[in-house]
Amino acid sequence: MKIKKLSEEVVRKIAAGEIIERPSSVVKELVENSIDAGASRITVRIGDPIYREISVSDDGAGMDREDALLSLERHSTSKLKSEDGLFDVRTLGFRGEALPSIAQVSRLTLTTRTKENLSGTTVLCVAGKIEEVSEAGRAPGTSVTVRDLFFNTPVRRRFLKSRTTEFRHVIRVMSSYGLAFEKIHFLLKQDERELLNLPPVERLLDRVVSLYGLQTAEQLIAVERQSGDMKIEGFVGTAELSRANSEHQLFFVNRRWVACPTLVFALREAYAGLLPRDRYPMCILLVNVAPGRVDVNIHPTKREVKFADEASVRTFVRDAVRDVLSEAAGEVLGGIESPGDAAFEVPHEERPLAGYLSTQYEAAGQQLSFAREAHDSLPPSAGSEKTSEGEGAMVPLWQLHRAYVLAQIKGGLVVIDQHAAHERILYEEALETLSKGSPSSQQLLFPLLMDLSGEEFEALLDIEAYLRRLGFDIRACGKSRIIVRGIPAGLRGWREGQLLHDIIDGATGDGAEEQSIEERVARSFACHAAVKAGDLLTLEEMNSLVDRLFGTSMPQGDPHGRPTFVRIPLEELERRLGRT
């Protein structure tokens, strides 16, 4: 086979595909250009479907006719003067590839004007080729309208996710840069519907309140530290604010929104021992380092960065976060009055220490009583009806480490993963409820007001009808605010609404679109509502778990494909104990 040189058109499409992965990539690149142009107001409008039209307007420096034409040519930029500038990047953009790449896969209209010029310039570009150039009237600044994105690369369009998912990616871009540049006014509209409106504020905290609501802001802990040329500021969440995935972790390096494993590891180390493995802390962290100590030129999208001294940055961030978490814990403990204080005086015959110790042994005593009950319920002989062959004859004996249920069968022992088993049960029950549409709901004694981020609110709109069919009674009561009046009957682990955050994240996050929306909602509900490792179960609950598990269609695995139980044959136990 002969080697052939690719045509220039194919090369340009490949280059465009590296930078413009989805509609939110367009928004990100254009918003970054507006920020670099010194804009104080940036307005983004998107169509429905989103690839139909994306428009970004700003009041920045603008361009004259010559620069407007040059900006649509690859590797043309005003932000990089020489090769040395690659090691001292102080702007968000610098490659000169974004605008030409967008133009390559769309019908793009650029309208711009500088303060010095009386009239502006409009350039129409289709599939990377300039079709028309004309004068235009507009205020100083730049507007870029992108229509029919990926019209000439239909395969790329077919790989786009659902409407809600693509909207959420755009909201995430706007929210992220809204946090990094709180003094810029950001406005996002879908046709005439306002999705985000972030007026300029003086403090990052005010922008956090605008995006996440006061409830979330009150559970954030401020981080601020400086050491030499390294500085960190922002917020981290309390353990109670943890989420089911890492999508609520935002990192910025020199105001650039980045995906950085070094910062992720530092955060994980700071929270070591504070959160279960499947929970992720929320954070908004802005790290500043000398431009020469960070390389932002390792990926076309500029989302990835590499530090000259990864270890020192990791240690600096970890220690800064760990220290504020420790201080916050000390403040909480300092606010609790001791039993010796007047407000907590107790009669001398009552002994707080004895009461404390009794609570420590209460669980163990309960487990022992469970074991006695289970022992008393065992059949007198191996041939009794209760120990007949099959799982239906299981007798729960014990809860091991509050994570596994041990059950006797005729042929040995079954060890059941309580979380995986309950997840399988809830998943099938949720699917049945969704198909029949007859949920059992319980009203909350006190309706709960919840603030959602713009991204979460858009995701909730997509699955609200399905949550109602599961038994949730949810009403919107303001922009990105909801009121929850009822939840599914028997639901445990509601955690004052935290469960709803987890269900939304699980049902609408990236990678969740391989199944139907019913399956996604049922799976997320089951995953986050199931009993967890560490939850103490009564004997009745263990019996119910066993019976319900083996009443499902696929008791051997949870919805994620993990086994729900393992069987240990009696012969294996006898062999291990030397009784063969």
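This is a predicted model: local features need pLDDT of at least 70, side-chain atom pairs count only at pLDDT 80 or more; totals for chains, interfaces and linings use all residues.
Student: Let's start with H12. How many residues has it, and how far does it reach?
Tutor: H12 has 19 residues. From its first C-alpha to its last it reaches 27 Å, close to the 27 Å expected at 1.5 Å a residue.

Student: What happens at the start of H12?
Tutor: Asp417 has a side-chain oxygen there that comes within 3.1 Å of the backbone nitrogen of His419.

Student: And which residue follows H12?
Tutor: Gly437 follows H12. The phi of Gly437 is positive, near 70 degrees.

Student: How do H12 and H16 cross?
Tutor: H12 covers residues 418-436 and H16 covers residues 539-549. Their axes come within 10 Å and cross at roughly 55 degrees. Angles of 65 to 115 degrees count as roughly perpendicular and those under 35 as roughly parallel, so H12 is oblique to H16.

Student: Is that crossing left-handed or right-handed?
Tutor: The crossing of H12 and H16 is left-handed.

Student: Which residues meet there?
Tutor: From H12 come Gln418, Ala421, His422, Arg424, Ile425, Leu426 and Glu429. They meet Leu545, Arg548 and Leu549 in H16. By class, this contact has 5 nonpolar, 2 polar and 3 charged residues.

Student: What about H12 and H13? At what angle do they cross?
Tutor: The axes of H12 and H13 cross at roughly 105 degrees and come within 8 Å. That makes H12 roughly perpendicular to H13.

Student: Which residues make that contact?
Tutor: Ala430, Thr433, Leu434 and Ser435 in H12 meet Tyr466, Arg469 and Leu470 in H13. The classes are 4 nonpolar, 2 polar and 1 charged.

Student: Now H13 and H15. How do their axes cross?
Tutor: H13 runs over residues 454-470 and H15 over residues 517-529. Their axes come within 10 Å and cross at roughly 60 degrees. So H13 is oblique to H15.

Student: Left-handed or right-handed this time?
Tutor: H13 and H15 make a right-handed crossing.

Student: Which residues of H13 and H15 make the contact?
Tutor: H13 gives Asp462, Ile463, Tyr466, Leu467 and Leu470. H15 gives Ile517, Glu518, Arg520, Val521 and Phe525. The contact of H13 with H15 has 7 nonpolar, no polar and 3 charged residues. Tyr466 and Leu470 of H13 also meet H12.

Student: Switching to loops. Where is Pro49?
Tutor: Pro49 lies in the loop between strand S1 (41-46) and strand S2 (53-58).

Student: Is the peptide bond from Asp48 to Pro49 cis or trans?
Tutor: The bond from Asp48 to Pro49 is cis, with omega near 10 degrees. Most peptide bonds are trans.

Student: Last one. What is the phi of Asp148?
Tutor: Asp148 has a positive phi of about 50 degrees, although it is not a glycine. Most residues other than glycine have a negative phi.

Student: And where is Asp148 found?
Tutor: Asp148 sits in the loop between strand S6 (141-147) and helix H5 (154-158).

Conventions:
Residues are numbered from 1 along each chain as its sequence is written. Side-chain values use heavy atoms; hydrogens and water are left out. Axes are lines fitted to C-alpha atoms, for helices over the stretch in contact, and angles run from 0 to 180 degrees between N-to-C directions. Helices (H or I, at least four residues) and strands (E, at least two) are DSSP runs, numbered from the N terminus. Angles under 35 degrees count as roughly parallel, over 145 as roughly antiparallel, 65 to 115 as roughly perpendicular and the rest as oblique. A crossing is left-handed if the near helix is turned anticlockwise from the far one by less than a right angle, and right-handed if clockwise. Contact means heavy atoms within 4.5 Å. Ala, Val, Leu, Ile, Met, Phe, Trp, Tyr, Cys and Pro count as nonpolar, Asp, Glu, Lys and Arg as charged, and the others, Gly among them, as polar. The expected span of a helix is 1.5 Å times one less than its number of residues. A polar contact is a pair of N or O atoms within 3.5 Å; within protein, one must be able to donate a hydrogen and the other to accept it, and residues adjacent in sequence count only if both atoms are side-chain atoms.
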